[in-house]
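The sequence and structure follow.

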Amino acid sequence: MIHWNEGIISLLDSQGADEMNNGLEDVVAAETILSDVRGAEGQLIIRGHPLTALAGRWTFEETAHLLFTGFFADLPDAAEFAPRLGAARVDMFEATRKFLGSASKLSAYDGMRAAMAMLPDGTMLPDALRLLAAPAVLLPALIRLQAGDEPIAPSASAGHAADVIRMLGRSSGADALDTYLVTVSDHGLNASTFAARVVASTQAGLTSSVLAGLGALKGPLHGGAPGPVIDMLDAIAAEGDSASWIARALDDGERLMGFGHRIYRTRDPRADALKAALQSFGGVDARLRFAESVERVALEALHKRKPDRVLETNVEFYTALLLEAAGFPKEVFTGVFAMGRVAGWLAHAREQALTGRLIRPASRYIEPLTKEAA
Ligand code: ACO
């Protein structure tokens, strides 16, 4: 009989881990027309387009429309989609206004998730538009409430990213935020998208799928990394010696946030898209140079310590710098990630519900077995 956690862990470790795929690495669990993460080449394809053709060129509305195409019967054309999303932002603000006070007592991410849980759980275009609009409306409102300021109502006619910046009470950074939202809008069968698809495979509604995605995105091994990237940069700046800080962190068994990826065996192409957008901000040169120097030292240390594992810079490293420059507090970075990724979750949820089967893998039972069960 097992009585304590250590016992359970060693029991599980000792049992033929090679018979199962812990972490489902390389398991193909869905067919998709949405995106392809080409790990060996360091390329991301979104519905046929390389990320480099979308980031900084397409708006978030155009990218979400591209992802939604074919999955909603009454999808308007791209030109009509942006005002429909603008109208959804206005509706969301009105619909969630009464929850904002209590939601603001939680962290901004948890408050946003709680307010989104109040939305109807349908599968039609208006449901998707509400969920697409929700993080863009809720996050700025919660940030302002937590700072003691009144929320600013959305403008239906503004661009999506520009409206977020406006609702934050700021006037610059809209283009960089738009590039960011496009860059993170979809990325294969990552943990949060898989979670959203598992829920959609049961034929539950889009709100349920998006809430599953939000739950998975929150962890530091997925979307929770960029806030800790800022903590790492600040700690290194305070100590003044990147090499010794990084060596100590790795000696202590810590992971360097913003490095490593399950699929990419080369540099994450999203890191460069975001670095380019970051360069459009004035006044960030010193911060960027410092971050680049930390990146160089971190990569050198990781390559030396893990020569058999390709550990490169991932999307979260430059996400942290971009969102910091755009004026978001580091505690809400994961919520801004959700603002972009929700487009992918919604499209994947529809794709799974329309084309997939119930996702129900197997597990291998170890013990106990009572006499009656044997
Ligand atoms: N720092 C130090 N060591 C690392 C790092 C890192 N950032 N990433 C991986 N490693 C090491 C692991 O300790 C492990 O070493 P071991 O074999 O000696 O135990 C080895 O490399 C392989 O790591 P795994 O966890 O098996 O690799 P996995 O593919 O599961 O990891 C992950 C991917 C979770 C992103 C990992 O690289 C990591 O933890 N990075 C830091 C957190 C981060 O940046 N998260 C954002 C990811 S991007 C995104 O999801 C949007």
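This is a predicted model: local features need pLDDT of at least 70, side-chain atom pairs count only at pLDDT 80 or more; totals for chains, interfaces and linings use all residues.

Domain 1 contributes 19 residues to the contact, and domain 2 contributes 22 residues.

## Helices H5 and H10

Helix H5 (residues 108–116) packs against helix H10 (residues 206–217) at an angle of about 165°, and their axes are 10 Å apart. H5 and H10 are therefore roughly antiparallel, and their crossing is left-handed.

On the H5 side, the contact is made by Tyr 109, Met 112, Arg 113 and Met 116. On the H10 side, Thr 207, Val 210, Leu 211, Leu 214, Gly 215 and Leu 217 take part. By class, the residues of the contact of H5 with H10 are seven nonpolar, two polar and one charged.

## Helices H13 and H15

The axes of helix H13 (residues 269–278) and helix H15 (residues 315–325) come within 8 Å of each other and cross at roughly 20°. This angle makes H13 roughly parallel to H15. The crossing of H13 with H15 is left-handed.

H13 supplies Arg 270, Ala 271, Leu 274, Lys 275, Ala 277 and Leu 278, which meet Val 315, Tyr 318, Thr 319, Leu 321, Leu 322 and Ala 325 of H15. The residues of the contact of H13 with H15 comprise nine nonpolar, one polar and two charged.

Conventions: Residues are numbered from 1 along each chain as its sequence is written. Side-chain values use heavy atoms; hydrogens and water are left out. Axes are lines fitted to C-alpha atoms, for helices over the stretch in contact, and angles run from 0 to 180 degrees between N-to-C directions. Helices (H or I, at least four residues) and strands (E, at least two) are DSSP runs, numbered from the N terminus. Angles under 35 degrees count as roughly parallel, over 145 as roughly antiparallel, 65 to 115 as roughly perpendicular and the rest as oblique. A crossing is left-handed if the near helix is turned anticlockwise from the far one by less than a right angle, and right-handed if clockwise. Contact means heavy atoms within 4.5 Å. Ala, Val, Leu, Ile, Met, Phe, Trp, Tyr, Cys and Pro count as nonpolar, Asp, Glu, Lys and Arg as charged, and the others, Gly among them, as polar.
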